Amino acid sequence: MTPKDTTSISRIEKVRQGLLHDLVTGKLRVGKKLVNEQGLATRFDVSRSSVREAVSALVTAGYLERHHGSGTYVVDVPGPRHALDATLSYTHMIAEAGMTPGLRVLSVETRPAFTDEGTALNLSREEPVRRLERLRTADGRPVIYSVDIIPERYVSSVTNKTFNRSLYDILRSIGEPVVSANAILTPITAGRALSRLLNVKVGSALQQIIEVDYTKGGQPIVFSSEWHVPGIFELRVHRRA
């Protein structure tokens, strides 16, 4: 779920992204106590200081809370009815902002689901998924790098070359429209891989979105990680009652 040049991802970012995946996939729920620093350091193969800084960032963001003498607990996880604003398709959103949308497919592969993907999408062990790595542009400028994971059973009839258009349009055309999304939005800074992909300087501010999309029947159908260049268009979150 991260750019292939993992050397660009700091140790702190590695821990923070891992914990965000746990939040969005339900592995970490409200009220659950976080594993201690040493346990997280071992899991992510980083120092305890890197764990401490990553956890502090999530405390600041309001997802975790430290209880003196007890530990760190989850205090906020977006529910499945927290949806992005009405326009779910970024292709359409860019066009509505008065810019020409573009979409470049970087890679497409079919492989068994990784553990976090299977958890997010309610898949059986190592069920096959289609992994899409794509880059969206606005007036020719790179604005969104995304990695999307879709259960293969939904897109088995879709050829790889078809993914050069809106994913939501594709899913709608096969009778599985996306109607809501559970998403976590977090500010991050660009490492080397993201700076090359999005044509920004290393250390530039980006917006990361980790998201699970749902069908009308409430089934998770897409598990995504996205990195947005800020200032291109506004992202809103619409909460349904």
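This is a predicted model: local features need pLDDT of at least 70, side-chain atom pairs count only at pLDDT 80 or more; totals for chains, interfaces and linings use all residues.
User: In what order do the six strands of the open sheet occur?

Analyst: Strand 5 and strand 6 pair in the antiparallel sense over 10 bridges, and eight bridges join strand 8 (residues 205-215) to strand 9, also antiparallel. At the edges lie strand 4 (101-112) and strand 7, each of which pairs on one side only. The six strands form an open sheet with antiparallel pairing, in the order 4-5-6-9-8-7.

User: By how many degrees are neighbouring strands of this sheet turned against each other on average?

Analyst: Axes are lines fitted to C-alpha atoms, for helices over the stretch in contact, and angles run from 0 to 180 degrees between N-to-C directions. For the average over neighbouring strands of this sheet, direction is ignored, and the turn is 15 degrees.

User: Which residue is the bridge partner of Arg130 in strand 6, and how many residues of strand 6 are buried?

Analyst: The bridge partner of Arg130 in strand 6 is Ile150. Buried means under 20% relative accessible area, exposed means over 50%, and partly exposed lies in between, with a 1.4 Å probe and protein chains only. Strand 6 is mostly covered, the number of buried residues being 10 of its 11.

User: Is Asp139 buried or exposed?

Analyst: Asp139 is placed in the loop between strand 5 (128-138) and strand 6 (141-151). These two strands form a hairpin with two residues between them, and Asp139 in the turn has a positive phi of about 55 degrees, although it is not a glycine. Because its relative accessibility is 51%, Asp139 counts as exposed.

User: What distance separates the C-alpha atoms of Thr189 and Ala205?

Analyst: Thr189 lies in strand 7 (residues 178-189) and, at 52% relative accessibility, counts as exposed. Leaving aside neighbours within four places in sequence, Thr189 is in contact (heavy atoms within 4.5 Å) with Gly203 and Ser204. Thr189 and Ala205 are 16 residues apart along the chain, and their C-alpha atoms are separated by 4.6 Å.

User: How are helix 2 and helix 3 oriented to each other?

Analyst: Helix 2 (residues 37-44) and helix 3 (residues 48-60) pack at an angle of about 105 degrees, with their axes 9 Å apart. Glu37, Gln38, Leu40 and Ala41 in helix 2 meet Arg48, Val51, Arg52 and Val55 in helix 3. Angles under 35 degrees count as roughly parallel, over 145 as roughly antiparallel, 65 to 115 as roughly perpendicular and the rest as oblique. The orientation of helix 2 and helix 3 is therefore roughly perpendicular.

User: How many charged residues are in the contact of helix 1 with helix 2?

Analyst: Helix 1 (residues 11-25) and helix 2 pack at an angle of about 100 degrees, with their axes 11 Å apart. Lys14, Val15, Gly18, Leu19 and Asp22 in helix 1 meet Leu40, Arg43 and Phe44 in helix 2. Ala, Val, Leu, Ile, Met, Phe, Trp, Tyr, Cys and Pro count as nonpolar, Asp, Glu, Lys and Arg as charged, and the others, Gly among them, as polar. By class, this contact has four nonpolar residues and one polar residue, while the number of charged residues is three.

User: Which element of the protein has the lowest mean pLDDT?

Analyst: The mean pLDDT of the protein is 83, and 85% of its residues reach 70 or more. Over residues 78-87, pLDDT stays under 50. Among the elements, helix 6 (residues 152-155) has the highest mean, 96, whereas the lowest, 38, belongs to strand 3 (residues 82-84).

Definitions and conventions: Residues are numbered from 1 along each chain as its sequence is written. Side-chain values use heavy atoms; hydrogens and water are left out. Helices (H or I, at least four residues) and strands (E, at least two) are DSSP runs, numbered from the N terminus. pLDDT is the predictor's confidence in each residue, from 0 to 100. Two strands pair if DSSP finds at least two bridges between them.
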